[in-house]
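Student: I have a structure open and would like to get to know it step by step. Can we talk it through together?
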Amino acid sequence: MGFIKPLSVILFVHSYVIFPLSGATITFLVIETGLPQDRPILESSRLWESSLMDVFFDAGHIVSNAPIMQLQVTSAGAFPEEAQGALKEAIAGGSDFFILALLEYQGMTQGSPQRPQSISLKLFSTKPYRCVVEQQYPKTISLSPAEELREVQKAARTLLAHLGR
């Protein structure tokens, strides 16, 4: 019995060398496009933001978010020019990854469900800066709130698989 205690201490310490305690630090930014500016943030946008963050937090990562942005259109390129300040702030704050969720509400009419017509998720590594993966998702306008939540969680788990790349 005398060697069990030292062996358990060695196994305990060894497990933290193989499986570190800390996860990655990830910053999230949601951008709404195609709607009039200076209006309240849509519930669907808040669902995407909070659900993405929840999945990554539950997986053991440190999460933060930039305020949801509202733009008429986004500039061309891998990363919208309008969001450069949020990216720079995340990098200065020590984020390992940056996730951009672009929710396009094009063609919305009065009385129609306020859900995105299309969604683009981009996972960026900050060290070195590069786009790791980009995912496109079809419109969620026909989904119930519960179905939309499941789709967001599935999308987040897909991004999770790319963190080590």
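Student: Which residues have the most contacts inside the largest nonpolar core?

Tutor: This is a predicted model, and in it the largest nonpolar core has 30 residues, of which I26, W48, L52, F56, L121 and L123 have the most contacts inside that core. The elements that give two or more residues to this core are β1, α2, β4, β5, β6 (129–137) and α4.

Student: And which element gives the most to this core?

Tutor: That is α2, which contributes six residues. As a general background, nonpolar side chains in soluble globular proteins tend to be buried together.

Student: What does L52 touch?

Tutor: Not counting residues up to four places away in sequence, L52 touches F28, A101, L121, V152 and A156.

Student: What follows α2?

Tutor: α2 is followed by G60, whose phi is positive, near 100°. H61 is also found there, in the loop between α2 and β2.

Student: Is H61 buried or exposed?

Tutor: H61 counts as buried, because its relative accessibility is 15% and the cut-off for buried is under 20%. A polar atom of the H61 side chain lies 2.9 Å from the backbone nitrogen of A24. Leaving aside neighbours within four places in sequence, H61 is in contact with G23, A24, I26, F56, L160 and L163.

Student: Changing topic to the strands, how many bridges join β4 to β5, and in which sense do they run?

Tutor: Eight bridges join β4 to β5, and the two strands run antiparallel. Within that pairing, L100 stands opposite K122 in β5, while the bridge partner of F97 in β5 is S125.

Student: What about β1 and β4, in which sense do they pair?

Tutor: β1 and β4 pair in the parallel sense, over eight bridges, and there V30 stands opposite A101 in β4.

Student: How many residues lie between β5 and β6?

Tutor: There are two residues between β5 and β6, which form a hairpin. These strands pair in the antiparallel sense over eight bridges, and the bridge partner of I119 in β6 is Y137.

Student: How many residues of β4 and of β5 are buried?

Tutor: In β4, seven of the eight residues are buried, so the strand is largely enclosed by the rest of the structure. In β5, eight of the nine residues are buried, so β5 is also largely enclosed by the rest of the structure.

Student: One last thing, what is the mean pLDDT of the protein chain?

Tutor: The mean pLDDT is 81, and 78% of the residues of the chain reach 70 or more. Over residues 11–21, however, the pLDDT is below 50, and this stretch has one contact in the model beyond near neighbours in sequence. Where pLDDT is low, the predicted coordinates should not be read in detail.

Note on methods
Residues numbered from 1 in each chain as written. Predicted model: local features only at pLDDT ≥ 70, side-chain atom pairs only at ≥ 80, totals over all residues. Heavy atoms only, no water. Helix = DSSP H or I, 4+ residues; strand = E, 2+ residues; numbered from the N terminus. Buried < 20%, exposed > 50% of the residue type's maximum accessible area, 1.4 Å probe, protein only. Pairing = 2+ DSSP bridges. Core = buried A, V, L, I, M, F, W, Y, C linked by side-chain atoms within 4.5 Å. Contact = heavy atoms within 4.5 Å. Polar contact = N/O pair within 3.5 Å; in protein donor to acceptor, adjacent residues only side chain to side chain. pLDDT = per-residue confidence, 0-100.
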